[in-house]
Amino acid sequence: MTTGKINVSVENIFPLIKKFLYSDHEIFLRELVSNGTDATLKLKHLISIGEAKVEYGNPVIEVKVDKEGKKIHIIDQGLGMTADEVEKYINQVAFSGAEEFLDKYKDSAKDSGIIGHFGLGFYSAFMVAEKVEIITKSYKDEPAAHWTCDGSPEFTLEPADKTSRGTEIILHIAEDSLEFLDDSKISGLLNKYNKFMPIPIKFGTRTETLPKPEDAPEDYVNETIEVDNIINNPNPAWTKQPSELSDEDYKNFYRELYPMQFEEPLFNIHLNVDYPFNLTGILYFPKLGNDMQIQKDKIQLYQNQVYVTDNVEGIVPEFLTMLKGVIDSPDIPLNVSRSGLQADGAVKKISNYITRKVADKLKSLFNENRADFEAKWNDIKIVLEYGMLSEDKFYEKAGAFVLYPTVDDKYFTLDELKEKLKENQTDKDGKLVVLYAGNKDAQHSYIEAAKEKGYEVLLLDSPIISHLIQKIENDNKDLTFVRVDSDHIDNLIKKDENTISKLSEEEKATLKTSLEAYIPKAYSVQLEAMDSQAAPFIITQPEFMRRMKEMSQTGGGGMFGMGNMPEMYNLVVNTNSDLASSILNTEDKTHQEHLVKQALDLAKLSQNLLKGEALTAFVKRSFEMIK
Ligand code: ADP
């Protein structure tokens, strides 16, 4: 038996590691199963190049929990190690690796959010074990070796009688980590970290019922057998070529990833690149609607089929974190902080690649089946609109597939929309006027009025739409967006020069004075001669003020340096309406006030502005009138 002292500068790095990685003790299992996987894949490689002349067989990695003995065993059938190699790889590489890791980690620990804590490797066993044994037999014709260590630099190394090839790691679980002796805990961890690792992982057995034979007698009792319980799928869809996969395969893989998710994804994007970086993966567009929050942190990051994290911030462009799926790349540095990550050149390239692939896929979906794309628009628009706002590279490509739906479910691209508007929607400066509604119900009367004039009205109802409109206007100087209930709509809708006012200038002045006596200060009264059939009172909001207010509510408030902005409204009164004449000609001041207030409330009601006490008073007054 050899005993020795591992050459590390810190007397005992064990407590240090425990302290620094306290919240992440569970990764020991991922690290050890990864080592077993690596050892198996290395052996496969050696056999394939003729280096190792042994039978590969059907290797599995087995995890066993010995509750009574307070031990966990991780057993592989990989290439194993000779005593010399244990000396070299474990005593030197593993320990110095742990030390190096700790050095790096100490610096970045303040900067929370280190991605995966990879790199600690074998040594992470000491986060849960007070003593670790390695019993290993190399594929080479040499005796097996038995190494024991309690985390201090002292170790023992002696021959062992193991005859089968491979490595068994035995963890003597420490008193403060006994939770890891729970079967459910271990299967939970294997499911989280090792679900798609490339070598089958066995954890216990399960009972399988044999198929009933053709000639089974009446009283046949189902026969059962115990089979290995393999917890992983070693060949997940993303490791295959897109040409090998059907739509159904993609959907099945989605279910495998998200067993609790019942809604099917809308479509997927298969990522597959090996130069200048290596990345594979499948992203799914789930049905999103207008909710921006629910889906975050659902893309899983893997490295060589080993799960790392489901927080891909900094790696995937932010607007795509609303998607689901998997990305697998060995080229993403894991022992760096989030901020370090963002500065990393390779990561930037990866992020740009993903953006480009998503844009290309959207473009081809649009070109291949526009009707289908339109049908899905409502469920994907939030991602695309957010992408246009946040990623210039995406914005540049968006013209080819981003849609502008109308209230009547027609869909235009921006170019098509411009063509359409040229027909009859220009203002006095010659700009194309995009009329839009934010809510079909709330703005119903305005939409109807615009449609009656033959105008196209878009339905733009995302929570971030005011930001996007601002950006589109900035980049398209020939366009101006006007919400149907905005005052700017005057330029278009009410510019009916042929309508002559029934009232004289003097009458108008009298009407205005009477109105202003009863109308609150937040409203500016504006008299317009319109068709006598048009609504007598209409409330409009200044487009600019309303949009700024919306923008400050959905982020960007600080950006514009505006606090809470005041409500501002226009009350447009149709001087040709019968109601205007009635108000003008009523001698009885009480009755006049009544008319004005009732009309204002009706106008408010149609703009969804009548609430609370005012609404109660209105209803009461209206009942009085009809009783
Ligand atoms: P890493 O795996 O990152 O190199 P580790 O600390 O996990 O670092 O392991 C150090 C070395 O020990 C490995 O590079 C490998 O050579 C050897 N090793 C660890 N586990 C096994 C195993 N199960 N079978 C064979 N060799 C192993």
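Pro 276 sits in the loop between β10 (267-273) and β11 (279-285). In this predicted model, the peptide bond from Tyr 275 to Pro 276 is cis, with omega near 0 degrees. Most peptide bonds are trans.

**Positive phi in two loops**

Most residues other than glycine have a negative phi. Asn 304 is not a glycine, yet its phi is positive, about 50 degrees. Asn 304 is placed in the loop between β12 (299-303) and β13 (306-309). Its relative accessible area is 51%, so Asn 304 counts as exposed, the cut-off being over 50%.

Asp 409 is not a glycine either, and its phi is positive at about 60 degrees. The loop that holds Asp 409 runs between β15 (404-405) and β16 (411-412). With a relative accessible area of 54%, Asp 409 is exposed.

**The ligand site**

Two helices, α2 (27-48) and α3 (83-108), each supply at least two residues of the shell around the ligand. The shell has seven nonpolar, three polar and two charged residues. Among the surrounding residues are Ala 39, Lys 42, Leu 79, Met 81, Tyr 89 and Ile 90. Ala 94, Gly 121 and Thr 167 also belong to the surroundings of the ligand.

| Residue | Protein atom | Ligand atom | Distance |
|---|---|---|---|
| Asn 35 | side-chain N or O | oxygen | 2.8 Å |
| Asp 76 | side-chain N or O | nitrogen | 2.9 Å |
| Phe 122 | backbone N or O | oxygen | 2.8 Å |

Asn 35 and Asp 76 use side-chain atoms here, whereas Phe 122 uses a backbone atom. On its own, the ligand has 520 Å² of accessible area, and the protein covers 78% of that.

**A three-stranded sheet**

An open sheet is formed by three strands in the order β18-β17-β19, with parallel pairing. The edges are β18 (457-459) and β19 (479-483). Each has a single partner strand, so one side of each is left without a neighbour in the sheet. From one strand to the next, the twist averages 40 degrees.

How many bridges join β17 and β18? Strand β17 (residues 432-437) pairs with β18 in the parallel sense over three bridges. Leu 435 has Val 457 in β18 as its bridge partner.

Methods
Residues are numbered from 1 along each chain as its sequence is written. This is a predicted model: local features need pLDDT of at least 70, side-chain atom pairs count only at pLDDT 80 or more; totals for chains, interfaces and linings use all residues. Side-chain values use heavy atoms; hydrogens and water are left out. A residue is near a molecule or strand if one of its heavy atoms lies within 4 Å of it. A polar contact is a pair of N or O atoms within 3.5 Å; within protein, one must be able to donate a hydrogen and the other to accept it, and residues adjacent in sequence count only if both atoms are side-chain atoms. Accessible areas come from the Shrake-Rupley method with a 1.4 Å probe; for residues, only the protein chains shown count as cover. Helices (H or I, at least four residues) and strands (E, at least two) are DSSP runs, numbered from the N terminus. Ala, Val, Leu, Ile, Met, Phe, Trp, Tyr, Cys and Pro count as nonpolar, Asp, Glu, Lys and Arg as charged, and the others, Gly among them, as polar. Buried means under 20% relative accessible area, exposed over 50%, partly exposed in between (1.4 Å probe, protein chains only). Two strands pair if DSSP finds at least two bridges between them. Axes are lines fitted to C-alpha atoms, for helices over the stretch in contact, and angles run from 0 to 180 degrees between N-to-C directions.
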